[in-house]
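Reader: I have a structure to get through and I would like to ask about it piece by piece. Can you put it up?

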Amino acid sequence: METPTRTGRLGRFFTGFGSLFHGLAVTSRHFGRTIFLRKNVTQQYPHEKPTLPKAYRSAIRLIRFPETDSHDCVGCKACERICPSACIAVDGGKVEGIKKKRASHFEMDFALCSLCGLCLDVCPTTTLEYSRLYDEAGYNRNWKHDLLAEFRAREPAFIAEQRQREQAEAEAKAQKAPKKEKPPKEGDAP
Amino acid sequence: MSDEPRGASSDPEADPTHPEAYVLNMGPQHPSMHGVLRLKLHMIGEEIVVAEPVIGYAHRAHEKMAENRNYLMFLPNSSRIDYLSGMIYNIGYCQAVEKLLEIEVPERAQYIRVIACELNRIASHLLWIGTYVLDIGGVTPFLYCWDDREQILDLLDAITGSRLTYSYGRFGGVTMDVDDAFLTGTRTFLERMKSRLPEYDTLVRKNVIFIERSRGVGIMDRQTCRAYGVTGPCLRAAGVAYDVRKSEPYGIYDRFDFAVPTESAGDCLARYDVRIREIEESLKIVTQAVRDLPAGPIMPDKPKKKFKPAEGASYFAVEAARGAFGMYLVSDGSEVPFKLKLRTPSFSNLSSMPKVLAGTMVADTIAIVGSLDIVLPEIDR
Ligand code: SF4
Ligand code: SF4
């Protein structure tokens with residue numbers, strides 16, 4: 001940079017000084033606003049729990065449908081195949097006494113899940129959703145969760161109920177059949 | 001070969017036997033280096049003779065990963081290429097695949113995509129302003145920029161459920177519809193941002209220290225930009241009005257009224273000015289998109305389940321926050337891409353550094369490299 005003349009230097013001094021004060025004016029305005037007008041935005045976690053947005057994404061879980069009081073996973077493995085992180089391990093198949101297939105094993109590694117939501121999209125029975133967990137921590141590399149755990153206890157009852165539902169459905173179908181009408185579809189997920 | 005960096009052997013000035021010649025390593029853990037970039041500076045005294053960017057510290061093999069999984073499964077990767085404007089990359093990838101597969105996107109989804117992408121662009125530029133001014137000595141603007149950026153992240157969080165790695169787009173639409181709360185929030189943000197820009201002007205642009213440190217520093221002229229394929233704000237600061245959104249409009253960008261801001265100086269100050277004006281233009285686009293947002297579905301009526309393009313290739317480019325982001329998709333007719341070439345803007349922008357940095361002072365290095373707004377994971381991919 002060329003050496004400025006004396007007046008030039010003086011001018012630069014004043015503009016420089018001026019710009020400092022302009023900047024200071026902005027900061028003081030904000031300072032005032034922050035002190036007097038602004039609400040506290042800091043959340044006092046863990047005393048205060050965060051409100052999660054509707055779209056909040058956390059590790060997946062199985063939806064408990066109110067109609068059946070259970071999940072609707074048929075163990076088709078579509079989610080296992082699409083998962084880019086390969087963190088789902090599902091198994092399932094035919095269950096004695098009912099037509100519907102059921103998952104027998106659903107293991108999910110929370111540490112690997114990248115929360116992309118592809119499994120939610122491909123599930124044919126839409127029985128997957130994001131959970132609302134936000135303060136989970138794993139203590140080792142194998143952070144496996146059995147997603148069926150909460151459904152296990154109710155599974156025999158579910159199967160019994162499902163058998164009744166299927167029987168009722170079959171009867172309804174038998175009645176309707178001569179009239180050639182479509183059978184009503186049973187409690188699909190919304 | 002005047003465009004080549006001055007090599008140690010060809011240039012007498014880089015003579016290692018010079019009494020003041022030495023090599024300075026900047027990064028990859030330098031506090032003011034952006035990400036994990038290492039600059040190997042061959043210097044004589046304070047002057048840089050040869051600058052060598054060393055990259056690859058954040059290499060995650062995104063291109064190779066794409067060859068090992070089907071088209072859908074690459075979606076979560078797409079926003080992780082550049083985590084600061086992940087939405088644009090995510091939506092860009094969706095659009096590239098949609099082009100290959102000729103999938104129609106519903107109107108509403110198109111508008112939502114534009115709103116989300118432009119908000120993301122503003123957030124990315126705000127982050128740059130904050131960190132850049134911080135790099136060259138101003139701490140306060142950083143806090144204000146972060147405050148504004150936080151508003152955008154909250155908005156995007158509300159519709160995507162994520163703050164950085166959105167994974168929001170799907171082939172044919174988006175995952176979640178926007179609600180009234182989001183639109184009201186966006187309008188509030190637009191108003192707020194309009195009142196904030198004059199403050200940045202007083203605080204940063206009129207500040208003498210900032211001007212002195214960035215005017216005439218790191219000049220990248222048109223010729224250099226052309227030679228190295230520099231795009232984005234750096235190219236526009238050199239006076240070339242090239243913006244993929246205008247030059248090769250994709251999506252529905254041709255429906256919006258916005259300008260492509262350019263400057264002629266090509267120095268750090270010009271790059272700052274271009275980015276600030278781009279924020280203004282993005283605000284304009286978001287305003288129009290929110291105003292015109294039609295009702296309707298956000299995904300096609302019968303979304304495809306299998307994505308199996310015919311044999312062939314397609315190139316698709318979007319304007320990311322840092323320049324033109326291009327994807328060259330080669331399909332061999334299977335469900336897995338044969339090759340996905342990612343042309344990331346920061347890589348080309350950084351490649352001009354040996355030329356630009358040669359002959360400058362070491363004190364300006366951070367100012368120059370910072371002004372490019374590089375994101376290292378995006379360079380390494
Ligand atoms: S959200 Fe993505 S990464 Fe997580 S389990 Fe589902 S498919 Fe896998
Ligand atoms: S895609 Fe749905 S039904 Fe099939 S295994 Fe996964 S969770 Fe169960």
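Author: What follows goes through the ligands, then chain A, then chain B.
Author: This is a predicted model, in which local features need pLDDT of at least 70 and side-chain atom pairs count only at pLDDT 80 or more, while totals for chains, interfaces and linings use all residues. Residues are numbered from 1 along each chain as its sequence is written, and chains are lettered from A and ligands numbered from 1 in the order in which they are written.

Reader: Ok. Which residues come nearest to ligand 1?
Author: A:Cys83, A:Ser85, A:Cys113, A:Cys116 and A:Cys119, out of 14 residues around ligand 1. A residue is near a molecule if its C-beta atom, placed from the backbone, lies within 6 Å of it.

Reader: And what classes are in the shell around ligand 1?
Author: Eleven are nonpolar, three are polar and none is charged. Nonpolar here covers Ala, Val, Leu, Ile, Met, Phe, Trp, Tyr, Cys and Pro; charged covers Asp, Glu, Lys and Arg; the others, Gly among them, are polar.

Reader: What about ligand 2, which residues come nearest there?
Author: Ligand 2 has 15 residues around it, and A:Cys73, A:Cys76, A:Ala78, A:Cys79 and A:Cys123 come nearest. That shell has eleven nonpolar residues, three polar ones and one charged one.

Reader: Changing topic. How many helices and strands are in chain A?
Author: Five helices and five strands. From the N terminus the order is α-β-α-β-β-α-β-β-α-α. Helices (H or I, at least four residues) and strands (E, at least two) are DSSP runs, numbered from the N terminus.

Reader: Which strands form the open sheet?
Author: Three strands of chain A, in the order 2-3-5, with antiparallel pairing. Strand 2 (88-94) and strand 5 (144-146) are the edge strands, as each pairs on one side only. Two strands pair if DSSP finds at least two bridges between them.

Reader: How many bridges join strand 2 to strand 3 in chain A?
Author: Seven, and strand 3 takes in residues 101-109. In one of the pairs, A:Gly93 has A:Arg102 in strand 3 as its bridge partner.

Reader: What holds strands of a sheet together, in general?
Author: They pair through backbone hydrogen bonds, either parallel or antiparallel.

Reader: Back to the chains. How many residues of chain A are in contact with chain B?
Author: 19 residues of chain A, against 22 residues of chain B. Contact means that two C-beta atoms, placed from the backbone, lie within 7 Å. Helix 1 (6-37) and helix 3 (118-122) of chain A each give two or more residues to that side, and helix 1 has the largest share, seven residues. By class, this side of chain A has nine nonpolar, eight polar and two charged residues.

Reader: What is in chain B, then?
Author: 15 helices and eight strands. Its C-alpha trace spans about 75 × 50 × 30 Å along the principal axes.

Reader: Which residues of helix 14 in chain B are buried?
Author: Eight of the ten residues in helix 14 (residues 362-371) are buried, among them B:Ile366, B:Ile368 and B:Val369. Just after helix 14, B:Asp373 has a positive phi of about 60 degrees.

Methods: A residue is buried if 20 or more other C-beta atoms lie within 10 Å of its own, exposed if 12 or fewer, and partly exposed in between; C-beta atoms are placed from the backbone.
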